[in-house]
Amino acid sequence: MAYESPELRVDSPTPLGSISKFTSGSPIVPSRCVHTISQDDDNSVLSLVSSRKYLFSGSQSSRIHVWCLETFSLVTVLEGHRGSVLGLTLSEDQQWLFSSSGDGTIRVWNTETLKCAYLIQSCHDVGDIFSVVYSEQSSMFFFGCQNTSIQWYDFNDPQTHGCSTDVPEIPVNLRMNQKAKFFDCDSSDLDDDGALGDENDVIKCVIRERNVCMNAHDGYVYCLLHASNVPNMDGEVIISGSGDGNVKIWGIEAGGLRLVHTLQGNSDKGILSLTLSDDGYLFCGVQGGDVTIWDLETLQMIRSVMAHSDDVLAVTLLGSNWASASADGHIKVWNESCEFLESMSDHKGYVLCMTTNNEYVMTGSSDHSIKFWNVPAMASLPDTFRKTQLAQSETTHDAMLYALDRWIGMRTVSGNSKYIEECRRGAKFLKNILQQLGAMSRLIPGAVGGNPLVYGRFAAKTASGDADEHRVPTVLVYGHYDVIAAENENGDWHSDPFKLTGRNGYLYGRGTSDNKGPVLASIFAIHDLLKEGLLDVNVIFLIEGEEENGSVGFYDAVEKNKSLFEDVDMILLCNSYWLGEDVPCLTYGLRGVMHASISISSSVSDLHSGVEGGAVSEPLIDMIHVLGQLVDNNKKVLIPGFYDKVRAVTAAEEKLYDPIIAWLKKSDANTSAAGNARSQHASLAPSPAPGVEISDVKHTELIKNDLMARWRYPTMTVHKIDVSMNNPTIIPRCAKAAVSMRIVPDQEIAEICTQFESFVREAFAATGSDNKISIDITSASEYWLGNPDSEYFKAVEQAIEHEWNVKPLYIREGGSIPAVRWLEKFCQAPAVHLPMGQASDQAHLQNERIRLRNLQAGRHIVKHLLQHLPAMPSSSST
């Protein structure tokens, strides 16, 4: 990959010596990588092609990966080739995928069934097949070979329909080469035609001698292009580029090829890639780093751009602009005057291939990754005065992801004055999103020095009638835009926590799962209904900015604006996670929580333990005595009366645990899935160790008890103890402990707080210490328990099943969301909790993420739920 003048090629926008202009400033809207996926075989990505539904990537390992363009997730892997997949192309109707390989074969795949339909081989030993193109009009595909030939197959050949008579023989040495190329394979896996033994339905065909143009070039035929819009030429043509430096134009006629023109190039600079503009300009990626541009009307080379410092392996058009990708690791964008616009260099290796669709530029690399680029140069430049508007994104990529990208970039950390302006900016951004999507929206002031609430209302298309039976249902969607801090000082995050990063089907960033992603999915679900004229319910959004800070000021703010929340029929929140990775869940219960601090202090200052030790009452020892009285060795809280009002387990509740336990056992049995499927709950009553006998009934009971301990029974936790001076020789004058209690139905939070404070004071008095104690209840919130048998829960269950094709697990959670039970009482309406994320989302931790498939599924579920809500029996009553 060398070139003759390396001193003229440096790592700059355009190489030294280049006459191409470049802009000195950054683009108004720079290109950026919006998602990265990695092939699981750790091999280079050699070829790419995109349909409306899938991205197909050819691997050095011989496999073709099929990726869903909606979720960036792997759909399947196509196997059959026995060498690197060097070329991919699609038929015009996108029904057929053609792949060429280093094993000397072409395969044709049905893009609906994702199965191989045809295996085509040459009657010659062609070596590697670098490129393949298909002509819909002629019903032929053409391919360029290592042996310098161009060959083609006509689908009108009787072989296409399985006819096995008059079929050319395949040279024995070819079949041996196929088996030896690139990696060793067991010859028992191949039949006499070089196909895998289990491919009985694959039709095998052989290229006929008359369909071979030997010595089409004096070098490897690296690239082919099919076109029908070449100036001064009638009909279809094939354009070929070769290692000999020449480009040849071939007319397709009479079932074959006829050489029409040869564009003479530099024999030391092979042609590696081609693309053609609608007005007849041919762009050629060249060894060494140049891109040569030919006017096919005059057959003259009109420009040679010193684009890169290494081989140009791909070129593509971006509207009136164009892009080049190189072994130097860069993708560069140029305008129609060959002026440099920008360079992207996120790949960590050679950029080997590139393709485009209506939304992205996609590149594959030797670093095993595929990157999706949002390139504004693909479309007309947006109005710079409106570049912050949401509508701008709709010309390039999904508006929801665009909004999430911008919102994640706002550090809306609550409880820290450092971020108060960022929080307000995040609130205003959400208000603008709601307004742009059709809602009436406003900010509601929160507590003094706190963050505002965001209110939005989407009105149903059906006007409210006078009669009660025609009243339009109203749904309140609750969420929060504030997040937990993520400073990343220790580099624990794999990417910037406040920059949305797509990787392998997941979106990473602080707030992606908790709770910005689900909030936006819900908003866009309502917008979908509004846009389609199907919004038959009123939807209110109430998004607070202090949820992670105890919902400070939330209740007062809502109370002061109670007229905005009249006639609510149902409350929906999406602020939790599945039990594992593979089965959707529906949350019907949360524990309440009480947080408190206990301070024990001395009237004297910090003391030296070698001088005063043994003569004074030590606050830290007193604290240990007090805390030791709260919980016994069996995790039982020792406060008298603590368990008196805990609701007994009913038969109906116990029944909800059965499918959960069955799923947990199944994931235990499947060791390959256990680590992923159970994730955070992998420690739940694991299977007995080898050699330890335990009955299935006992194992079931252990799991059930473990779940209940986490979800439906109360508990107490000591979080930390701080001292006035942290020194191993000092008696601290003050010790302060942070504790919490999780409460459950039917415990009363006020009563629990009183019992706690009374018991702690009694425990301290029993020490006989002359120190002083103070107790501060810093926050308290009630439990929430929904009714899984209600029509609202059943409606959500049906929506989940409609999307995921499986019934959800009904689960409870040990955590707390303070506002839920309060909103139920305030609105006199039931709440339903729809988890969108998976257990591995890492909420509140480093590398927080949400799977794009889950985010989109959540959007679909909310849409389906609200679309079918008016048909529910209660919708016709208050």
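1. Let's start with C753: at 11% relative accessibility, this cysteine counts as buried, where buried means under 20% relative accessible area, exposed over 50% and partly exposed in between, using a 1.4 Å probe and protein chains only. Please keep in mind that this is a predicted model, in which local features need pLDDT of at least 70, side-chain atom pairs count only at pLDDT 80 or more, and totals for chains, interfaces and linings use all residues. Residues are numbered from 1 along each chain as its sequence is written, and side-chain values use heavy atoms, with hydrogens and water left out.

2. Now to another cysteine, C223. With a relative accessible area of 6%, C223 is buried. How many disulfides are there in the model? The count is 0, taking a disulfide to be a pair of cysteine sulfur atoms within 2.5 Å. C223 is therefore in no disulfide: the nearest cysteine sulfur belongs to C284 and lies 7.5 Å away.

3. Next, the chain as a whole. Of its 878 residues, 56% count as buried. The chain has 14 helices and 47 strands; these are DSSP runs numbered from the N terminus, with helices being H or I of at least four residues and strands E of at least two. Among contacts with a separation of 6 or more, 64% join residues 24 or more positions apart, a contact being heavy atoms within 4.5 Å.

4. Have a look at helix α2 (residues 399–408) beside helix α3 (residues 420–436). Their axes come within 10 Å and cross at roughly 165°; axes are lines fitted to C-alpha atoms, for helices over the stretch in contact, and angles run from 0 to 180 degrees between N-to-C directions. That makes α2 roughly antiparallel to α3, since angles over 145 degrees count as roughly antiparallel, under 35 as roughly parallel, 65 to 115 as roughly perpendicular and the rest as oblique.

5. Which residues meet between α2 and α3? From α2 come A403, R406 and W407, and from α3 come G426, F429, L430 and I433. These contact residues divide into 5 nonpolar, 1 polar and 1 charged. Here Ala, Val, Leu, Ile, Met, Phe, Trp, Tyr, Cys and Pro count as nonpolar, Asp, Glu, Lys and Arg as charged, and the others, Gly among them, as polar.

6. Helix α2 also meets helix α4 (residues 516–531), with axes that come within 10 Å and cross at roughly 145°. The contact is made by A399, M400, A403, L404, W407 and I408 of α2 with K516, G517, V519, L520, A521 and F524 of α4. They divide into 10 nonpolar, 1 polar and 1 charged.
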